[in-house]
Each structure stands twice: as structure tokens, then as C-alpha cells.
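Thanks for coming. I will walk through one structure this morning, a piece at a time, so please keep the picture in view.

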Amino acid sequence: MDSRHQRIVFLGPPACGKGTQVSMLAARSGLPTVVTGEMLRRSAAAGTPTGLAAKEYMDRGDLVPDSVLNRLVSETLEDPAYAGGFILDGYPRTVDQAKFLTGYLQERQTPLTDVVAIEVPHDMLVRRQAGRLICKSCGRVYNRHYLPPPSEGRCACGGELYQRADDSEEVIRTRLEVYRTNTAPLLAYFRRQGVLREVDGSGVPQRVQESILAVLDRGGGPA
Ligand code: AMP
């Protein structure tokens, strides 16, 4: 895959494996990533005004207001580190965000090249999400059901594993509903722009990555 000047968005419901796939693709391609959920969690932990305001929405499983995200992402993309291409994970998540991003990139004559949509059946999403464990030290993601850690509560790096506050069952239901209502309409939006690449995310991570590389290589066209 020639990753020069690829500007890629990843879309998919919570726990579809998006984070894992983005990390794998970033490692292979060298493209820098912008992971909005992680940025917001870091700001909240640091106690910044934006972070603290965002935390209330995040803890409920609701979306943080568009204006906050639009500013966060556009300010981030001003950094020359992203001039040669990037991968966006977690943004855009509403049609308004998508329109803002499209306009922002159009002004710079650097439109999105690909929007990868990962699809996973609903019941698998709930099981994946409820079993998710994350390493406090290195950020690696495990799953009680699908990808258990080498020892109870510990990562391979020795770090302590934790469950995200918004991975409780009630919040999971809210987040899936929020995705269905706000984010799923983006599929049609990007399909119309001719950049949507749909990928089956129900297989093992390596298999899903191969499907992603295949759709990126052929620009979404037929094999
Ligand atoms: P994630 O780690 O991508 O699942 O994001 C965790 C939480 O951060 C979401 O449930 C939202 O509350 C918030 N968040 C992340 N990205 C966005 C976005 N683009 N728009 C609104 N809220 C967001």
C-alpha cells in the first residue's frame, strides 16, 4: 500500500475493532493517527476545562458537542505532522462533523481519500464491548471472551488492566443507540462522495486488516 497523502477516516460502532485496526494500519503505513476518544480521555484525566466538560457526556455514553470536536480536530490537523496524510479514528461522528471536516479539507485541497466502515453484527458488539480490558501502561486492548490477557488483570507488558467507565452494560446500550442515530447516517453521506469502503469486521484482527488493505489498494472498486 502506498500511504503517501492518504487521508483516511475509520467508521464503525463501539467495539467493532476500530482501535485495533487503526493501530495495525498506522504501524504498517507510518500514517499518524488522530484518536478523538483518547484525546478527550487524556484531557479529562489532566483536568483541562475541555476535558472536564467532555467527561460528563462521555460517562453517560453521549456525544460531546460538535463545536468542541470540530475545534479539537481542526487545530490538531494544523500540525505539519499531518500534512503527508493521516488516519482519523472516532471523528467525524455526526453529519454536522462530517460536513465541517469536508469543508475544512476542501479549503486546503486535501479531501478524504478513503472512509473505511467496519461492520460487525449487533450481538457480537455487545459481547466484545462488555469484555473489553485495556492496559493502563501501554493502551493494549484485550477481551475476556475473544482475546484474554496472559494473566488475570495484567498485560503482556506487566501493566494493570482496567475496564473503561463507559463500557458498563447500560452505557454500552446508549453508545450503540447513539451510533445508530447519529453516526450510521454518515455511511450514506460518504457513499455519495464515492469514498466509502465497507469491510466485514467479524473475523480475527489479522483477517480484518487484510480486507482493509485490499479495499484501500483498489480504492474501493471491484476486485
Ligand atoms: P471512543 O473512544 O471513540 O469510543 O469515544 C469515547 C467517547 O468520547 C464517546 O462516547 C463520546 O462521548 C466522546 N467522543 C469521541 N469522539 C467524539 C466525536 N467525534 N464526537 C462527539 N463525541 C466524541
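The buried residues of H3 pack against H2. Before I go on, please note that this is a predicted model. The residues I mean in H3 are Gly51, Ala54 and Met58, which are buried. They sit on the same side of H3, because the arc they cover around the axis is only 70°. The background is that an α-helix has 3.6 residues a turn, so residues three or four places apart point the same way. Turn to the other side of H3 and you find Pro49 and Glu56, which are exposed. After H3 comes Gly61, with a positive phi near 90°.

Which elements give two or more residues to the largest nonpolar core? First the core itself: it has 29 residues, and those with the most contacts inside it are Leu11, Leu77, Leu88, Leu101, Leu112, Val115 and Phe190. The elements that supply two or more residues are strand S1 (6-11), helix H2 (36-46), helix H3 (49-60), helix H4 (66-77), strand S3 (85-89), helix H5 (95-107), strand S4 (114-119) and helix H8 (185-192). Another core, of 20 residues, lies apart from that one, and includes Ala26, Leu125, Leu176 and Leu213. As general background, nonpolar side chains in soluble globular proteins tend to be buried together.

Take Leu88 as an example from the largest core. Leaving aside residues up to four places away in sequence, Leu88 touches Ile8, Val9, Phe10, Val34, Val73 and Leu101. Leu88 belongs to one side of S3, together with Phe86, while Gly85, Ile87 and Asp89 are on the other, and all of these are buried. In other words, 5 of the 5 residues of S3 are buried.

Now the partners of S3. S1 and S3 run parallel and are joined by 5 bridges. Within that pair, Gln6 stands opposite Gly85. Strand S2 (residues 33-35) also pairs with S3 in the parallel sense, over 3 bridges. There, Thr33 is the residue opposite Ile87.

Two residues of S1 are worth a stop. Gln6 has its place in strand S1. Is Gln6 buried or exposed? Gln6 is buried, since its relative accessible area is 9%, and the cut-off for buried is under 20%. The side chain of Gln6 makes a polar contact of 3.4 Å with the side chain of Asp114.

Arg7 is also placed in strand S1. Arg7 has a relative accessible area of 10% and is buried. What does Arg7 touch, not counting residues up to four places away in sequence? The list is Gly85, Phe86, Thr110, Pro111, Leu112, Thr113 and Asp114. With Thr110 there is a polar pair: the backbone oxygen of Thr110 lies 3.0 Å from a polar atom of the Arg7 side chain.

On to H8. Its buried residues are Leu186, Leu187, Tyr189 and Phe190. These lie on the same side of H8, because they cover an arc of only 165° around the axis. The buried residues of H8 pack against S1, H5, S4, helix H7 (169-183) and strand S8 (196-200). Just after H8, Gly194 takes a positive phi of about 75°.

There is also an open sheet of 3 strands, in the order S6-S5-S7, with antiparallel pairing. Strand S6 (141-143) and strand S7 (161-162) are at the edges; each has a single partner strand, so one side of each has no neighbour in the sheet. Strand S5 (residues 132-135) and S7 are joined by 2 bridges. Cys135 of this pair stands opposite Leu161 in S7.

That brings me to the cysteines. How many disulfides does a search of the whole structure find? The count is 0. Cys157 is partly exposed, at 48% relative accessibility. Cys16, on the other hand, is buried, with a relative accessible area of 2%.

That is my tour; I am happy to go back to any part.

Methods
Residues numbered from 1 in each chain as written. Predicted model: local features only at pLDDT ≥ 70, side-chain atom pairs only at ≥ 80, totals over all residues. Heavy atoms only, no water. Core = buried A, V, L, I, M, F, W, Y, C linked by side-chain atoms within 4.5 Å. Buried < 20%, exposed > 50% of the residue type's maximum accessible area, 1.4 Å probe, protein only. Helix = DSSP H or I, 4+ residues; strand = E, 2+ residues; numbered from the N terminus. Contact = heavy atoms within 4.5 Å. Arc of directions from axis to C-beta. Polar contact = N/O pair within 3.5 Å; in protein donor to acceptor, adjacent residues only side chain to side chain. Disulfide = S-S within 2.5 Å. Pairing = 2+ DSSP bridges.
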